[in-house]
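Okay, everyone, thanks for coming. I've got one structure to walk you through today, so let me put it on the screen.

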Amino acid sequence: MSALYIDADACPVKAEAERVATRHKWRMFVVSNGGLRPSQNPLVENVIVDAGADVADMWIAERCGPGDVVVTGDIPLAAKCIEAGARVLRHNGERFTEANIGQQLAMRDLMADLRAANPLGMQGGGKGFSKADRSRFLDALEREIRAAKG
């Protein structure tokens with residue numbers, strides 16, 4: 001049975017994902033290191049993993065596969081999930097695919113190298129999460145679940 005996996009730490013669209021998953025009667029796994037309010041929805045399973053680097057990511061990567069949808073902003077996790085056959089979305093609705101994941105990983109590595117070379121020159125976060133991002137996510141998740149159903 002297909003499932004929706006949410007890399008929940010710092011995920012701004014958990015409630016939206018739950019609404020879409022519930023409408024499609026999909027099981028949803030909200031995976032985090034803790035500190036999240038559990039859902040009372042019987043289709044939603046809150047998975048608390050041990051603290052540590054990439055523990056939640058490993059939990060998701062080991063379980064997802066063809067017919068599943070994963071929501072994450074973590075590019076290495078996205079690559080593992082694509083390799084496992086899952087469909088993968090960012091929180092803003094952008095889709096990770098076999099065609100773009102290599103470039104995404106390369107850009108991530110380049111930016112890490114630039115930050116390491118000049119730690120004072122590249123500070124600050126990215127742009128904020130907007131209503132348009134939320135809307136794009138909802139539309140993209142709906143499309144991905146429909147496509148996963150085949």
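Let's start at a serine: the side chain of Ser-39 reaches the backbone nitrogen of Asn-41, at 3.0 Å. Keep in mind that this is a predicted model. Where does Ser-39 sit? It's in the loop between β2 and β3, with β3 covering 44–48. That serine side chain also makes a polar contact with the side chain of Glu-18, at 2.9 Å. And if you skip the neighbours within four places in sequence, what is Ser-39 in contact with? You get Glu-18, Val-44 and Asn-46.

Okay, over to the strands. β1 is residues 3–7, and five of the five are buried, so the strand is largely enclosed by the rest of the structure. Now, in a regular strand the side chains alternate between the two faces of the sheet. Here both faces of β1 are covered: on one side you've got Ala-3, Tyr-5 and Asp-7, on the other Leu-4 and Ile-6, all of them buried.

So who are the partners of β1? There's β2, residues 27–32, which pairs with β1 in the parallel sense over five bridges. If you want a landmark there, look at Tyr-5, which stands opposite Phe-29 in β2. Then there's β4, residues 69–71, again parallel to β1, over three bridges. The landmark for that pairing is Ile-6, opposite Val-71 in β4.

And how do you get from β1 to β2? Follow helix α1, residues 14–23: together with β1 and β2, the helix makes a right-handed β-α-β unit.

That's my tour, happy to go back to any of it.

Definitions and conventions
Residues are numbered from 1 along each chain as its sequence is written. This is a predicted model: local features need pLDDT of at least 70, side-chain atom pairs count only at pLDDT 80 or more; totals for chains, interfaces and linings use all residues. Side-chain values use heavy atoms; hydrogens and water are left out. Buried means under 20% relative accessible area, exposed over 50%, partly exposed in between (1.4 Å probe, protein chains only). Helices (H or I, at least four residues) and strands (E, at least two) are DSSP runs, numbered from the N terminus. Two strands pair if DSSP finds at least two bridges between them. A crossover is right-handed if, with the strands pointing away from the viewer, the path from the first strand over the helix to the second runs clockwise. A polar contact is a pair of N or O atoms within 3.5 Å; within protein, one must be able to donate a hydrogen and the other to accept it, and residues adjacent in sequence count only if both atoms are side-chain atoms. Contact means heavy atoms within 4.5 Å.
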